[in-house]
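Here are some friendly notes to read alongside the model. Please keep the structure open and follow the points in order.

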Amino acid sequence: TGINAEYMGILDSSSITRMLGGERLIKDHFESASVMFCDVVEYTQKSVMLNNEEYVAQFLNEIFGIFDKIVANGVDVMKVKTIGDVYMAATGVPVPKSEHATQLVQVGLAMMAGARAYNSCVANNKSIDSLLYQQHGEMKSKIQASKKASNWRKQVVPLQLRIGINSGPLVGGIFSQLKGGYDLYGATVNKAQRLESTCHPMHIHLSNDTYKMMDSSSQDIASVRRATSLKGFNPEDTWEIDGSECTENNSSENERVGD
């Protein structure tokens, strides 16, 4: 059984092996995994401000290049897809692992650090190449050749992120034969999206389920948000980690009022 060449760059190795083995429908149930959604604060406004399709495309390429490098350097961290300015990743899939919640929180913190480093490079007129996944760094755009054109980055800083993470059961699989990738479905995924949309800038918004699965050192830097309202779900206590500075000095004793 052959695989469309378009699949080879977007599927994980285990899915490719299964498809080569003759599986036509790949569907997996995971009892426990963690899902992340990360988006750029005020992305629409920044795009309008740039008013240039090539600058906007380069901006997204650089942001996702930072995230791709972090995910690629992780162990068993899966990039699921991008949707506009939203980056979706997961741990505990397609290979289950017990420490998935803590690991994905660490990925989120690394993304926050990447955003801060991007801001610093732009402010100090330094190259951002070291922040990017190798393939992104090699994508030299015509607009980078001009020193004057590089000033567009100063219009999009400070780069700020919002991240939502949820943990629980979900379904993963490939349900499309045309440019389909391994995707994730279920209430766990939907809640992660709601957590991202209700997150404060430069924070990681965690469900209570994720918080309970995290190790103690990660729990110590989280602050509670009481009775948070998430569309489609009952109000519940959620947690946030401040990613705007070094989080080691934050205390879980500081409570934050929910939206």
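**Notes on the predicted model**

1. Let us begin with a cysteine. Cys38 is buried, its relative accessible area being 1%; buried here stands for under 20% relative accessible area, exposed for over 50%, and partly exposed for anything in between (1.4 Å probe, protein chains only). Cys199 is buried as well, with a relative accessible area of 7%. The sulfur of Cys38 has its closest cysteine sulfur in Cys199, 9.2 Å away, which is too far for a bond. A disulfide is a pair of cysteine sulfur atoms within 2.5 Å, and by this rule the count is 0.

2. A word on the ground rules. Residues are numbered from 1 along each chain as its sequence is written, and side-chain values use heavy atoms, with hydrogens and water left out. The model is predicted, so local features need pLDDT of at least 70 and side-chain atom pairs count only at pLDDT 80 or more, while totals for chains, interfaces and linings use all residues.

3. Now the overall picture. The protein chain holds 9 helices and 8 strands; these are DSSP runs numbered from the N terminus, helices being H or I with at least four residues and strands E with at least two. Of the 259 residues in the protein chain, 50% are buried. Taking contacts between residues at least 6 apart in sequence, 72% join residues at least 24 apart, where contact means heavy atoms within 4.5 Å.

4. Helix α3 deserves a look. It runs over residues 53-73, and at 1.5 Å a residue its 21 residues should span 30 Å; the end C-alpha atoms are 30 Å apart, which agrees. The expected span is 1.5 Å times one less than the number of residues. In α3, 15 of the 21 residues are buried, so the helix is mostly covered. What caps the N-terminal end of α3? Asn52 does, with a side-chain oxygen 2.9 Å from the backbone nitrogen of Glu54.

5. Next, the nonpolar interior. In soluble globular proteins, nonpolar side chains tend to be buried together. A nonpolar core is a set of buried Ala, Val, Leu, Ile, Met, Phe, Trp, Tyr and Cys residues joined through side-chain atoms within 4.5 Å. The largest such core has 48 residues, and those with the most contacts inside it are Phe59, Phe67, Met111, Tyr118, Leu161 and Ile241. Helix α4 (residues 100-123) gives the largest share of this core, 11 residues. A second, separate core of 17 residues includes Phe37, Val80, Ile174 and Leu184. Leaving out residues up to four places away in sequence, Phe59 touches Val40, Tyr43, Lys46, Tyr118, Trp152, Val156 and Leu159.

6. Strand β1 (residues 26-40) carries Asp28, which counts as buried at 14% relative accessibility. Its side chain makes a polar contact with the side chain of Tyr182 at 2.6 Å. Asp39 is also placed in β1 and counts as buried at 9% relative accessibility. Apart from residues up to four places away in sequence, Asp39 touches Asp85, Val86, Gln160, Leu161, Arg162 and Glu196. A polar contact is a pair of N or O atoms within 3.5 Å; within protein, one must be able to donate a hydrogen and the other to accept it, and residues adjacent in sequence count only if both atoms are side-chain atoms.

7. Ala192 sits in helix α7 (residues 187-197) and counts as buried at 0% relative accessibility. Its C-alpha atom is 5.3 Å from that of Gly164, 28 residues apart along the chain. Besides neighbours within four places in sequence, Ala192 is in contact with Val35, Phe37, Gly164 and Asn166.

8. Finally, some backbone details. A cis peptide bond joins Val93 and Pro94, with omega about -10°, and another cis peptide bond joins Val157 and Pro158, with omega about 5°. Asn125 is not a glycine, yet its phi is positive, about 55°. Asn125 lies in the loop between α4 and α5 (134-137) and is exposed, with a relative accessible area of 63%.
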